[in-house]
Every structure is written in C-alpha cells, then in structure tokens.
Amino acid sequence: MKQDLGAIAVMQIINIHRRDENVGDIMSAPTEYFNFPGFEIIQADVADAAKLDLNNRHVILGGGGLFDEFFLQSIDQVKSRLNGGSLIAWGIGQQLDTGPWWQQFKSFPYEKFLRGFDLVGLRDFGFEFPWVPCVSCMHTTFDKHRDPCHEFVVYSHRSRPVPIEGWPTLRNDQASFDETIEFLASGKTIITSSYHGMYWGMLLNRQVLAFPFNSKFLTLKYPITLYPSVWERTGSFIKVSRRIRGKESFSYSCKSVLGWRLLAAVARVFPNALEECREQNRIYYRQVYDLLSS
C-alpha cells in the first residue's frame, strides 16, 4: 500500500466474470470466497470490460466459460488497457460449440486467450496449464448433509431443456444459488444439461447424467457419465440479459432421450472431489495473493 499526505491508497482488484441470469456464472467469482487483505475488491461483468478503469489495478478474470470467441474481444480489451497491475486467470474454461467439438476440444487454442496473463489456473483438466476447478466449490453449502427425496431431478440449461418428464425440474436461470443447491440435493440422481448442474451435483456426491452441448462438459477431471445427446435448434429466440446482447441465444431440443435410465443407473459418484477441488483453490489463492502482494 502507498501512503500519500497521510491518506492510504488501497490497490484495487477487479474480478471480471459473467454476471447475468445464469446462477453458475454469478457464483464463479473467486473474490466471493477468498479475502484479499490490503486490497479493495470490485466485481464487474465481462461485457463491461471496455468501460473499466484499469490503470494501476489488478484484474482477476474468472471464473466461468470465458474462453469463447464471443468474449475474446473483451479479454483483449482488458489486456490492452491494463496498466501497472497483474492479470490473473482463475477457474476459466473453454467453450467450443461448433463443428465436431467433441473431437477438437483437446486442441483448443488456449494460447490465443492466455497471452499476457501473469498467472493462469484453468478449470479444464488434462491440459498444459495448471488445473484450478470452479471456485464455487468453496461455498459452505456443500458441507451440509442432505438426504435425497426424489429418485431423479432434472436441471436444465435455459436454452437446452432436457425432455424428461415426471420428475422435478428447474432451469439454471430460475432460482437463487441456495434454492438451486437444495433442488439438486433433493435428487438421488441429477439429470442435467448445465455445466454447473453437473459440477455441483458431483460436489454434492450425487450420481449425475449430463447432456452435453459443447466442449466444457468434456474438461472435468472426473469422468461424469454423459448422454450422447444430439441437439436441434428450434428457431425460438431466448430472451437474455442486456449484458450478453449481441450473442445469439436460441432454444434447442434434444432429439432423443432413449436409454437415459440405463446410463443414469451406472453413473458414478466422486466422494473425494469436493475436498480436492477446494484444496486446488486454496493452493492457487496463496499463489495469487503472493503475486499481488509482491
């Protein structure tokens, strides 16, 4: 910290991430879970990157699936305007959703996004960069024991509704984080087309059957059971927040759910995942704080 005429000027950390209706994006900010003594914390939406004053400020980018061509311009704007501070990636992941993404995800061009970063931690596992899973694992709600009361619950991404009926359903833009976790925990098995539905279900020690629609579903460390889903655009436009205006958001339908119960029955649980994900974030926090304090 600097002292000037008796007043203490506190260095700022701007945590840039997605702040729209998707509860997973909202809960993926590292500054929600870790303290940074000696720093003032500001949270900002990635869509507002061009408006931010980045002079003599540190930037933490993440978490969420920000490694998407749609966000590349905003990330580049942050890099070009950052002056005097560090740039840190925390829990960011890739999103490929065109072409054969299930084949191309292993060769994702991370370098195009990561040039200029001072410290990197990705939620994607198995690549050349350090693994730091989504920081939402640090929330204390995952310490609470809950017994399931439904055999299945269905938790859908807002544009990818899973057409399985007869069980409780929820979308990722319909409830608060606490309500979402209670909903997911109420199922013995979670059927989901949401990345965070998959991730949080795993942290809750539930069986999870995921219906993937882009490469982010293939980058977890843990082998979540995946349904071979095929999605078709319905043509209906999804109303989205002004913060992602300019990005097409259509509704899609899943062509078939045949055999989903057979796959759900063999879905695994990962009882050590919660503590492992937390420990990786604790380690990374110490690295981040040491860098920012140096």
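This is a predicted model: local features need pLDDT of at least 70, side-chain atom pairs count only at pLDDT 80 or more; totals for chains, interfaces and linings use all residues.
Aromatic side chains are considered to begin with, and the structure holds 26 aromatic pairs. In one of them, the rings of Phe70 and Phe71 have centres 5.1 Å apart and planes at 75 degrees, so this pair is edge-to-face, given that an angle over 60 degrees is counted in that way. The two partners can also be described by their accessibility: Phe70 is partly exposed, with a relative accessible area of 31%, whereas Phe71, at 3% relative accessibility, counts as buried. Another edge-to-face pair is formed by Phe213 and Phe217, for which the distance from centre to centre is 5.3 Å and the angle between the planes is 65 degrees. Here Phe213 counts as buried because its relative accessibility of 8% falls under the 20% limit, and Phe217 is likewise buried, with a relative accessible area of 3%.

Aromatic residues also come together in a cluster, one of which is formed by Phe34, Phe36, Phe39, Trp90, Tyr284, Tyr285 and Tyr289. Arginine side chains are found over aromatic rings as well: Arg160 lies over the face of Tyr252, at 3.6 Å from the ring centre, and Arg233 lies over the face of Phe250, at 4.0 Å from the ring centre.

Helix α6, which spans residues 195–203, is largely enclosed by the rest of the structure, because nine of its nine residues are buried. These buried residues are Tyr195, His196, Gly197, Met198, Tyr199, Trp200, Gly201, Met202 and Leu203. The elements that cover them include the helices α1 (23–26), α5 (177–185) and α8 (273–293), together with the strands β9 (150–156), β11 (187–192) and β12 (207–210). Just after the helix, Asn205 takes a positive phi of about 65 degrees.

A contrasting setting is provided by Asn35, which lies in the loop between α1 and β4 (39–45). With a relative accessibility of 64%, Asn35 counts as exposed, because this value is over the 50% limit. Although Asn35 and Tyr289 are 254 residues apart in sequence, their C-alpha atoms are 9.3 Å apart in space, and Tyr289 is itself one of the members of the aromatic cluster described above.

Conventions
Residues are numbered from 1 along each chain as its sequence is written. Side-chain values use heavy atoms; hydrogens and water are left out. Rings of Phe, Tyr and Trp (its six-membered ring) pair if their centres lie within 6.5 Å; planes under 30 degrees apart count as stacked, over 60 as edge-to-face and the rest as tilted. Buried means under 20% relative accessible area, exposed over 50%, partly exposed in between (1.4 Å probe, protein chains only). A charge sits over a ring if NZ of Lys or CZ of Arg is within 6 Å of the ring centre and within 35 degrees of the ring normal. Helices (H or I, at least four residues) and strands (E, at least two) are DSSP runs, numbered from the N terminus. Contact means heavy atoms within 4.5 Å.
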